[in-house]
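Hi everyone, thanks for making time. Let me put the model up, and then I'll walk you through a few spots in it.

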Amino acid sequence: MRRMADTEAEQLVVASQGIHLVFERSFLKGDTALMVPKTSDGRVLFVIPWHGHAVAGTTDTPVDEATLEPRPYEEEIEFILETAARFFVRPPSREDVLAVYVGLRPLVKGDGKTSALSRDHVIHVDTSGLLTITGGKWTTYRHMAEDCVDHAITLGRLPDAECATKNLRIHGYMEESAALGDLQVYGADAEKVRAIADAAPELGVRLHAELPYVGAEVVWAAREEMARTVEDVLARHTRALFLNARAATGMAEPVARLLAAELGRDEAWIGRQVEQFTELAGQYRVV
């Protein structure tokens, strides 16, 4: 896009890959997160409690190309297993890994190792006046948006106005949600999800014994959150695929059937959905 305004524009970011391994919660002692600020090779390792599990990460591996489904490298998996073994209640093996997931960081380009590059966002204004924001993290998206719009106001000589994002609450906001149990992530919508299960008790049954998700959540996702595929439900509207890839695979068919009933799909569609998700989930397993 920037080269449409300036054919000589240089790439602003490079990609760095980070992986995470997910284990049973029992591997992490206590209720708090663990951070190792400097491992044997100078990297950082963290382990945090997450949705009833323990997630360990991360790595920092430069990659030449950003792909839709990045794959973990063997050396990354071994690094986390070996390092975590020094701090877990018991040493983990590959068989203990419930899921591996991989993300790509957009790092602002510079010299040296990707681990030394800035995780902060950068705003760049081309000579044409095109404003670009790049880098940053999911966790700072509101600050990024505020900074970007403030710069655009100045650049466009627009009326100055104070950003409202600091006081905007996300959908489902509640002061206290702990009492909602497994439906806590829905916040104020939890009662509506529970009402679906109350109206059809079979939708209140867990879709897999090893994960907390129930059929009512699939129905809710289809009706209210625009879920249209098994991957939508198990990787986006719930965290099933990231928590336990094998269990998520076992949930694929019942999820497909619930979606088919909501969306008016046939048996052939169900079969394709199960096949596609099973293939995807294989990338999230290490054994």
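Let me start with a term: I call a residue buried when its relative accessible area is under 20%, exposed when it is over 50%, and partly exposed in between, using a 1.4 Å probe and protein chains only. By that rule Phe23, at 0% relative accessibility, counts as buried. Now, some housekeeping: this is a predicted model, so local features need pLDDT of at least 70 and side-chain atom pairs count only at pLDDT 80 or more, while totals for chains, interfaces and linings use all residues. Residues are numbered from 1 along each chain as its sequence is written, and side-chain values use heavy atoms, with hydrogens and water left out.

On to the rings. Phe, Tyr and Trp rings (the six-membered one for Trp) pair if their centres lie within 6.5 Å; planes under 30 degrees apart are stacked, over 60 edge-to-face, and the rest tilted. That gives six aromatic pairs. One of them joins Phe23 and Phe27, tilted, with 5.5 Å centre to centre and 55 degrees between the planes. Phe27 is buried too, at 2%. It also has a charged neighbour: Arg90 lies over the face of Phe27, 3.9 Å from the ring centre (the rule is NZ of Lys or CZ of Arg within 6 Å of the centre and within 35 degrees of the ring normal).

Another pair is Tyr101 with Phe242, edge-to-face at 5.3 Å and 90 degrees. Tyr101 sits in strand E6 (residues 99-108) and Phe242 in helix H7 (residues 240-243), so this pair ties together parts 141 residues apart in sequence. Helices here are DSSP runs of H or I with at least four residues, strands are runs of E with at least two, and both are numbered from the N terminus. Ring pairs link Trp50, Tyr101, Phe242 and Tyr284 into a cluster.

Trp50 brings us to the strands, which pair if DSSP finds at least two bridges between them. Trp50 stands opposite His53 in E4. Five bridges join E3 to E4 (residues 53-57), running antiparallel. The two form a hairpin with two residues between them, and His51 in the turn has a positive phi of about 50 degrees.
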